[in-house]
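The following account is intended to be read beside the sequence and the coordinates. Please keep both in view while following the paragraphs below.

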Amino acid sequence: MKRLIPILSVLFLTTARAAAQSHGNAGQEPAERIVKFYPNPATSFINFDIQRNTEKGYSLQVFNFLGKQVYEVRNLSARTTVDLSEYTRGIYIYQLRDLSGKILESGKFQVAK
């Protein structure tokens with residue numbers, strides 16, 4: 001339990017920081033999202049569409065709610081489909097990273113089975 005709290009804290013802070021960066025400040029026009037994902041909630045698969053040039057070498061990571069990485073793909077194509085057959089019901093966090101490892105966007109999706 002002692003390990004779980006710091007992991008969740010880091011995960012939430014990273015997600016909040018990335019969301020704040022991608023949405024801009026209050027009163028300003030929100031930044032355009034890089035990733036569109038659907039369907040949400042998902043049951044058997046989820047699609048991630050990258051809205052920018054994918055030649056920049058983006059990577060996508062998916063974490064379960066406990067902070068364990070359950071999926072990673074490097075050098076994303078314009079559309080990536082993730083098979084959710086081995087995923088349990090719950091909330092998952094995705095992170096889009098550039099080549100240097102900087103989080104460009106983060107968000108969450110739900111698996112409903």
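How many salt bridges does the structure hold? The structure holds 3 salt bridges, a salt bridge being a side-chain nitrogen of Lys or Arg within 4 Å of a carboxyl oxygen of Asp or Glu. The model is a predicted one, in which local features need pLDDT of at least 70 and side-chain atom pairs count only at pLDDT 80 or more, whereas totals for chains, interfaces and linings use all residues. Residues are numbered from 1 along each chain as its sequence is written, and side-chain values use heavy atoms, with hydrogens and water left out.

One of these salt bridges is formed by the side chains of Arg 33 and Glu 105, at 3.2 Å from N to O. Arg 33 lies in the loop between α1 (4–23) and β1 (35–38) and Glu 105 in strand β7 (residues 103–111), so the pair ties together parts that are 72 residues apart in sequence. Helices (H or I, at least four residues) and strands (E, at least two) are DSSP runs, numbered from the N terminus. Arg 33 is partly exposed, with a relative accessible area of 24%, while Glu 105 is buried at 1%. Here buried means under 20% relative accessible area, exposed over 50%, and partly exposed in between (1.4 Å probe, protein chains only).

Strand β7 also contains Ser 106, which is buried with a relative accessible area of 3%. The side chain of Ser 106 reaches the backbone oxygen of Tyr 94 at 3.1 Å.

A second salt bridge joins the side chains of Arg 79 and Asp 49, at 2.8 Å from N to O. This pair links distant parts of the chain, with Arg 79 in strand β5 (residues 79–83) and Asp 49 in strand β2 (residues 45–50), 30 residues apart. Arg 79 is partly exposed, its relative accessible area being 49%, whereas Asp 49 is buried at 13%.

The remaining paragraph concerns a hairpin. Strand β3 (residues 59–64) and strand β4 (residues 69–74) run antiparallel and are joined by 5 bridges; two strands pair if DSSP finds at least two bridges between them. Between β3 and β4 there are 4 residues, and Gly 67 in the turn has a positive phi of about 95 degrees. Glu 72 in β4 is the bridge partner of Gln 61. Glu 72 also forms a salt bridge with Arg 74, the closest N and O atoms being 3.1 Å apart. Arg 74 is exposed, with a relative accessible area of 59%, and Glu 72 is partly exposed at 31%. In a regular strand the side chains alternate between the two faces of the sheet.

Conventions
Polar contact = N/O pair within 3.5 Å; in protein donor to acceptor, adjacent residues only side chain to side chain.
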